[in-house]
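Subject: Structure for your review: helix packing

Dear colleague,

Please find below the structure that I am handing over to you.

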Amino acid sequence: MKSIDLFLEKFHIQTKHKELYEMALTHSSFNSDAKTHHHDYERLEFMGDSVLGFTIASLLFKYHPEMLEGALTKAKSYLVQSEYLAKLARKEGYQDFIRAGKSLSTEEVMNNQSILEDVFEAIIGAVYLDKGIDFAFKYIERIYEDEVKNFSLDEIKDYKSILQEAMQAEHRESVTYKIVFEKGPPHNRTFFAEVSFDGHVLGRGEGRSKKIAEQEAAKDALSKKAT
(Lines give C-alpha, C1' and ligand atoms only; values in the text may rest on other atoms or scores of the structure.)
Protein backbone atom coordinates (compact mmCIF):
# COMPACT_ATOMS: atom_id res chain seq x y z
CA MET A 1 0.00 0.00 0.00
CA LYS A 2 1.31 3.44 -0.95
CA SER A 3 1.45 6.24 1.63
CA ILE A 4 -1.17 8.92 2.24
CA ASP A 5 1.50 11.55 1.59
CA LEU A 6 1.99 10.14 -1.91
CA PHE A 7 -1.78 10.19 -2.44
CA LEU A 8 -1.99 13.88 -1.47
CA GLU A 9 0.97 14.71 -3.68
CA LYS A 10 -0.45 12.80 -6.65
CA PHE A 11 -3.78 14.64 -6.50
CA HIS A 12 -2.34 18.06 -5.55
CA ILE A 13 -4.14 18.28 -2.22
CA GLN A 14 -2.65 20.47 0.49
CA THR A 15 -4.25 19.71 3.83
CA LYS A 16 -3.99 20.04 7.58
CA HIS A 17 -6.43 17.16 7.95
CA LYS A 18 -4.53 14.16 6.64
CA GLU A 19 -6.60 11.90 8.90
CA LEU A 20 -9.66 12.47 6.68
CA TYR A 21 -7.90 10.92 3.70
CA GLU A 22 -6.48 8.09 5.79
CA MET A 23 -10.04 7.35 6.90
CA ALA A 24 -11.38 7.55 3.33
CA LEU A 25 -8.87 4.92 2.23
CA THR A 26 -9.38 2.55 5.17
CA HIS A 27 -11.64 -0.51 4.86
CA SER A 28 -13.52 -1.62 7.98
CA SER A 29 -11.50 -4.87 8.11
CA PHE A 30 -8.44 -2.79 9.03
CA ASN A 31 -10.05 -1.89 12.37
CA SER A 32 -9.96 -5.49 13.56
CA ASP A 33 -6.21 -5.71 13.17
CA ALA A 34 -5.49 -2.19 14.44
CA LYS A 35 -8.05 -2.47 17.30
CA THR A 36 -9.66 0.82 16.25
CA HIS A 37 -13.33 1.77 15.90
CA HIS A 38 -14.97 3.71 13.07
CA HIS A 39 -11.65 4.78 11.59
CA ASP A 40 -12.86 3.76 8.15
CA TYR A 41 -14.65 5.21 5.15
CA GLU A 42 -18.31 4.43 5.94
CA ARG A 43 -19.40 7.88 7.17
CA LEU A 44 -17.35 9.71 4.55
CA GLU A 45 -18.94 7.56 1.86
CA PHE A 46 -22.37 8.91 2.89
CA MET A 47 -21.19 12.50 2.48
CA GLY A 48 -19.39 11.83 -0.80
CA ASP A 49 -22.45 10.24 -2.34
CA SER A 50 -24.46 13.45 -1.88
CA VAL A 51 -21.69 15.74 -3.16
CA LEU A 52 -21.12 13.50 -6.18
CA GLY A 53 -24.82 13.44 -7.09
CA PHE A 54 -25.08 17.24 -6.96
CA THR A 55 -21.93 17.72 -9.03
CA ILE A 56 -22.86 15.22 -11.74
CA ALA A 57 -26.31 16.79 -12.03
CA SER A 58 -24.67 20.21 -12.44
CA LEU A 59 -22.21 18.96 -15.08
CA LEU A 60 -24.95 17.26 -17.08
CA PHE A 61 -27.05 20.42 -16.96
CA LYS A 62 -24.04 22.43 -18.17
CA TYR A 63 -22.82 20.17 -20.98
CA HIS A 64 -26.13 18.74 -22.25
CA PRO A 65 -28.66 21.55 -22.77
CA GLU A 66 -30.47 19.25 -25.21
CA MET A 67 -31.46 16.80 -22.45
CA LEU A 68 -34.88 16.98 -20.84
CA GLU A 69 -35.50 16.08 -17.20
CA GLY A 70 -36.11 12.38 -17.82
CA ALA A 71 -32.93 11.99 -19.85
CA LEU A 72 -30.93 13.92 -17.24
CA THR A 73 -32.19 11.58 -14.53
CA LYS A 74 -31.22 8.48 -16.52
CA ALA A 75 -27.80 9.90 -17.36
CA LYS A 76 -27.06 10.82 -13.74
CA SER A 77 -28.10 7.37 -12.51
CA TYR A 78 -25.83 5.74 -15.06
CA LEU A 79 -22.81 7.91 -14.25
CA VAL A 80 -22.97 7.24 -10.48
CA GLN A 81 -23.79 3.53 -10.58
CA SER A 82 -21.53 1.13 -8.70
CA GLU A 83 -19.70 -0.30 -11.70
CA TYR A 84 -18.98 3.16 -13.11
CA LEU A 85 -17.53 4.45 -9.84
CA ALA A 86 -15.36 1.34 -9.48
CA LYS A 87 -14.07 1.84 -13.03
CA LEU A 88 -13.12 5.45 -12.29
CA ALA A 89 -11.51 4.47 -8.98
CA ARG A 90 -9.24 2.08 -10.88
CA LYS A 91 -8.51 4.76 -13.48
CA GLU A 92 -7.45 7.15 -10.71
CA GLY A 93 -5.33 4.45 -9.06
CA TYR A 94 -7.13 4.59 -5.69
CA GLN A 95 -6.67 0.84 -5.21
CA ASP A 96 -2.96 1.37 -4.57
CA PHE A 97 -3.68 3.39 -1.41
CA ILE A 98 -6.42 1.32 0.31
CA ARG A 99 -5.73 -0.02 3.81
CA ALA A 100 -7.45 -3.33 4.61
CA GLY A 101 -7.14 -6.03 7.24
CA LYS A 102 -5.23 -9.27 6.86
CA SER A 103 -8.47 -11.08 6.06
CA LEU A 104 -8.43 -9.43 2.61
CA SER A 105 -5.62 -9.98 0.14
CA THR A 106 -4.29 -7.14 -2.00
CA GLU A 107 -5.85 -8.81 -5.05
CA GLU A 108 -9.25 -9.05 -3.36
CA VAL A 109 -9.19 -5.35 -2.48
CA MET A 110 -8.12 -4.28 -5.96
CA ASN A 111 -10.84 -6.34 -7.65
CA ASN A 112 -13.70 -5.74 -5.25
CA GLN A 113 -16.19 -3.46 -6.98
CA SER A 114 -18.01 -2.55 -3.78
CA ILE A 115 -14.82 -1.47 -1.98
CA LEU A 116 -13.64 0.62 -4.93
CA GLU A 117 -17.03 2.31 -5.25
CA ASP A 118 -17.14 3.10 -1.52
CA VAL A 119 -13.59 4.47 -1.51
CA PHE A 120 -14.35 6.66 -4.52
CA GLU A 121 -17.29 8.27 -2.68
CA ALA A 122 -15.39 8.47 0.62
CA ILE A 123 -12.52 10.38 -0.98
CA ILE A 124 -15.00 12.90 -2.36
CA GLY A 125 -16.49 13.20 1.12
CA ALA A 126 -13.03 13.84 2.58
CA VAL A 127 -12.20 16.43 -0.09
CA TYR A 128 -15.49 18.25 0.56
CA LEU A 129 -15.08 18.32 4.35
CA ASP A 130 -11.44 19.37 4.07
CA LYS A 131 -11.49 21.85 1.18
CA GLY A 132 -15.12 22.90 0.67
CA ILE A 133 -17.61 22.59 -2.16
CA ASP A 134 -15.70 24.62 -4.80
CA PHE A 135 -12.57 22.47 -4.54
CA ALA A 136 -14.65 19.26 -4.38
CA PHE A 137 -16.60 20.31 -7.48
CA LYS A 138 -13.39 20.93 -9.44
CA TYR A 139 -11.91 17.66 -8.17
CA ILE A 140 -14.91 15.72 -9.47
CA GLU A 141 -15.07 17.74 -12.69
CA ARG A 142 -11.47 16.81 -13.50
CA ILE A 143 -12.38 13.13 -13.26
CA TYR A 144 -15.75 13.34 -14.96
CA GLU A 145 -15.52 16.13 -17.53
CA ASP A 146 -14.79 13.94 -20.56
CA GLU A 147 -17.17 11.24 -19.29
CA VAL A 148 -20.03 13.75 -19.12
CA LYS A 149 -19.18 15.67 -22.31
CA ASN A 150 -19.01 12.48 -24.38
CA PHE A 151 -22.01 10.83 -22.75
CA SER A 152 -24.79 9.54 -24.99
CA LEU A 153 -28.10 8.00 -24.01
CA ASP A 154 -27.24 5.16 -26.39
CA GLU A 155 -24.89 3.94 -23.64
CA ILE A 156 -27.78 3.13 -21.32
CA LYS A 157 -30.20 1.22 -23.47
CA ASP A 158 -32.37 -0.86 -21.16
CA TYR A 159 -32.59 -4.06 -23.18
CA LYS A 160 -34.81 -5.72 -20.57
CA SER A 161 -37.44 -2.99 -20.92
CA ILE A 162 -37.20 -3.06 -24.73
CA LEU A 163 -37.66 -6.84 -24.76
CA GLN A 164 -40.55 -6.69 -22.30
CA GLU A 165 -42.37 -4.04 -24.36
CA ALA A 166 -41.82 -6.02 -27.55
CA MET A 167 -43.14 -9.22 -26.00
CA GLN A 168 -46.17 -7.55 -24.45
CA ALA A 169 -47.07 -6.07 -27.81
CA GLU A 170 -47.84 -9.64 -28.86
CA HIS A 171 -48.54 -11.44 -25.57
CA ARG A 172 -49.86 -10.58 -22.12
CA GLU A 173 -47.36 -12.70 -20.22
CA SER A 174 -43.94 -11.49 -19.14
CA VAL A 175 -40.54 -12.94 -19.87
CA THR A 176 -38.61 -14.46 -16.96
CA TYR A 177 -34.92 -14.28 -16.07
CA LYS A 178 -32.84 -16.94 -14.34
CA ILE A 179 -29.21 -17.07 -13.24
CA VAL A 180 -28.23 -20.53 -14.45
CA PHE A 181 -24.56 -20.57 -13.50
CA GLU A 182 -21.89 -18.52 -11.79
CA LYS A 183 -18.14 -18.93 -11.51
CA GLY A 184 -15.07 -17.30 -10.04
CA PRO A 185 -14.10 -16.20 -6.51
CA PRO A 186 -16.56 -14.07 -4.49
CA HIS A 187 -14.73 -10.82 -5.29
CA ASN A 188 -14.56 -11.53 -9.04
CA ARG A 189 -17.75 -13.40 -9.92
CA THR A 190 -19.14 -13.97 -13.41
CA PHE A 191 -22.87 -14.68 -13.77
CA PHE A 192 -24.67 -16.44 -16.61
CA ALA A 193 -28.33 -15.69 -17.26
CA GLU A 194 -31.14 -16.94 -19.47
CA VAL A 195 -34.32 -15.14 -20.47
CA SER A 196 -37.31 -17.34 -21.24
CA PHE A 197 -40.88 -17.09 -22.40
CA ASP A 198 -43.46 -19.87 -22.05
CA GLY A 199 -40.71 -22.38 -21.28
CA HIS A 200 -38.53 -21.44 -24.28
CA VAL A 201 -35.09 -19.85 -23.83
CA LEU A 202 -34.96 -16.65 -25.89
CA GLY A 203 -31.44 -15.49 -25.09
CA ARG A 204 -28.35 -15.96 -22.92
CA GLY A 205 -25.86 -13.53 -21.45
CA GLU A 206 -23.04 -13.16 -18.97
CA GLY A 207 -21.61 -10.36 -16.84
CA ARG A 208 -19.83 -9.33 -13.67
CA SER A 209 -23.19 -8.83 -11.95
CA LYS A 210 -26.59 -10.50 -12.19
CA LYS A 211 -28.04 -7.27 -13.59
CA ILE A 212 -25.51 -7.10 -16.42
CA ALA A 213 -25.96 -10.79 -17.23
CA GLU A 214 -29.73 -10.30 -17.52
CA GLN A 215 -29.29 -7.23 -19.73
CA GLU A 216 -26.96 -9.22 -21.99
CA ALA A 217 -29.49 -12.06 -22.17
CA ALA A 218 -32.22 -9.60 -23.21
CA LYS A 219 -29.86 -8.05 -25.79
CA ASP A 220 -29.14 -11.54 -27.14
CA ALA A 221 -32.86 -12.29 -27.44
CA LEU A 222 -33.47 -9.02 -29.29
CA SER A 223 -30.58 -9.67 -31.68
CA LYS A 224 -32.20 -12.99 -32.58
CA LYS A 225 -35.55 -11.26 -33.05
CA ALA A 226 -36.95 -13.70 -30.54
CA THR A 227 -40.15 -11.69 -30.17
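Helices H10 and H11 lie oblique to each other in this predicted model. The angle between H10 (residues 159-168) and H11 (residues 210-223) is about 45°, and their axes are 8 Å apart. Because an angle counts as roughly parallel when under 35 degrees and as roughly perpendicular from 65 to 115, this pair falls into the oblique class. The crossing of H10 and H11 is left-handed. On the H10 side, the contact is formed by Tyr 159, Lys 160, Ile 162 and Leu 163; H11 contributes Glu 214, Gln 215, Ala 218, Lys 219, Ala 221 and Leu 222. Sorted by class, the H10 and H11 contact comprises 6 nonpolar, 1 polar and 3 charged residues.

A second pair is formed by H4 (residues 42-63) and H8 (residues 113-131), whose axes cross at roughly 80° and come within 6 Å. H4 is therefore roughly perpendicular to H8. From H4, the residues in contact are Leu 44, Glu 45, Met 47, Gly 48, Asp 49, Val 51 and Leu 52. They meet Asp 118, Phe 120, Glu 121, Ala 122, Ile 124, Gly 125, Ala 126, Tyr 128 and Leu 129 of H8. In terms of class, the contact of H4 with H8 holds 10 nonpolar, 2 polar and 4 charged residues.

The crossing of H6 and H9 is right-handed. Here Tyr 84, Leu 85, Lys 87, Leu 88, Lys 91 and Glu 92 of H6 meet Arg 142, Ile 143, Tyr 144 and Glu 147 of H9. The contact of H6 with H9 has 5 nonpolar and 5 charged residues, with no polar ones.

With kind regards

Notes. Residues numbered from 1 in each chain as written. Predicted model: local features only at pLDDT ≥ 70, side-chain atom pairs only at ≥ 80, totals over all residues. Heavy atoms only, no water. Axes fitted to C-alpha atoms, helices over the stretch in contact; angles between N-to-C directions. Helix = DSSP H or I, 4+ residues; strand = E, 2+ residues; numbered from the N terminus. Parallel < 35°, antiparallel > 145°, perpendicular 65-115°, else oblique. Left-handed = near helix turned anticlockwise from the far one by under 90°. Contact = heavy atoms within 4.5 Å. Nonpolar A, V, L, I, M, F, W, Y, C, P; charged D, E, K, R; others polar.
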